[in-house]
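Subject: Handover of the structure

Hello,

Here is the structure I promised to pass on. My notes follow below it.

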Amino acid sequence: MSRPVFDMNVFIEYESIMTEKDISKTALSAVVLYELTATTIDKSRWQKYTAWRKAFTKLDRFLVPNSNDWWESSKIVSRIRFGEKSVSKGKTPKLPDAQKLQNDIHIARTAYAKKFFVVTSNLSDFRRIQQFLNVEIVSAEEYFNSDS
Amino acid sequence: MEKIQIKNDNKNGAKPIWERLIEKGNYTEDELELIRTTRAVLKVIHKQKEEGVFDEILNRENSKI
């Protein structure tokens, strides 16, 4: 079963309209949890994030990049940085700041490994990653406006 | 005989969502725990948004490339 993996911006921008159905289907990226919690200092908030992580872990839906994911992600960063030939679109422009995409690449890579798909409101960065990784990307607007 | 008053934390008197879902039988215990903990985290995220905690991160996110 394919599952949505929400990018960090989805939790921030769509938190008020997420339904129980949306929540029950999702998998959580460790990278997204890191981004959400890195600015948290309040103890009670930490407890809530901790319980959240445990709930995903128990269902085997907590996606943590393993050594293979790190290796493949580094290759993708390199290909984007030096503008290597992509899977489907020929040569892509060089991007010296490709390292900034590291977190998004980890989200995409761990979703890809499980045959899940990424839901994001930042399509442009993920489209660039998609040129080197055959992962399905869905815009958050489309996802939350569909009935399925 | 004295009646027992059951306290309900919801302002409108409705049952919590996971209780209603249990009654419907649509979700496993683990999925209900996922829904309950996610709801709690979404409230935290909402407060963090109000505090402007994510502003810098989102600005960075939008200007990565």
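Val32(A) sits in helix α3 of chain A, residues 30–37. Helices here are DSSP runs of H or I with at least four residues, strands are E runs of at least two, and both are numbered from the N terminus. This is a predicted model: local features need pLDDT of at least 70, side-chain atom pairs count only at pLDDT 80 or more, and totals for chains, interfaces and linings use all residues. Residues are numbered from 1 along each chain as its sequence is written, while chains are lettered from A and ligands numbered from 1 in the order in which they are written.

Is Val32(A) buried or exposed? Val32(A) is buried, because 20 other C-beta atoms lie within 10 Å. (Buried means 20 or more other C-beta atoms within 10 Å of a residue's own, exposed means 12 or fewer, and partly exposed is in between; C-beta atoms are placed from the backbone.) Leaving aside neighbours within four places in sequence, Val32(A) contacts Phe6(A), Asp7(A), Met8(A) and Ile107(A). A contact means C-beta atoms, placed from the backbone, within 7 Å.

Val32(A) also belongs to the largest nonpolar core, which has 40 residues. Such a core is a set of buried Ala, Val, Leu, Ile, Met, Phe, Trp, Tyr and Cys residues joined through C-beta atoms within 7 Å. Val5(A), Val32(A), Ala108(A), Ala111(A), Val118(A) and Ile129(A) touch the most other members. Beyond four places in sequence, Val118(A) touches residues including Val5(A), Ala108(A), Ala111(A) and Phe126(A).

Next, a helix pair. Helix α5 (residues 67–82) of chain A packs against helix α6 (residues 102–113) of chain A at about 125 degrees, with the axes 9 Å apart. That makes α5(A) oblique to α6(A). (Under 35 degrees is roughly parallel, over 145 roughly antiparallel, 65 to 115 roughly perpendicular, and the rest oblique.) Among the residues that α5(A) brings to α6(A) are Asp69(A), Glu72(A) and Ile76(A). The contact divides into four nonpolar, four polar and three charged residues. (Ala, Val, Leu, Ile, Met, Phe, Trp, Tyr, Cys and Pro count as nonpolar, Asp, Glu, Lys and Arg as charged, and the others, Gly among them, as polar.)

Now the chain contact. 26 residues of chain A meet 24 of chain B. On the chain A side, α4(A) gives the largest share, eight residues. That side divides into 13 nonpolar, four polar and nine charged residues.

Chain B itself has three helices and zero strands. Of its 65 residues, 14% are buried.

Best wishes

Definitions and conventions:
Axes are lines fitted to C-alpha atoms, for helices over the stretch in contact, and angles run from 0 to 180 degrees between N-to-C directions. Two residues are in contact if their C-beta atoms, placed from the backbone, lie within 7 Å.
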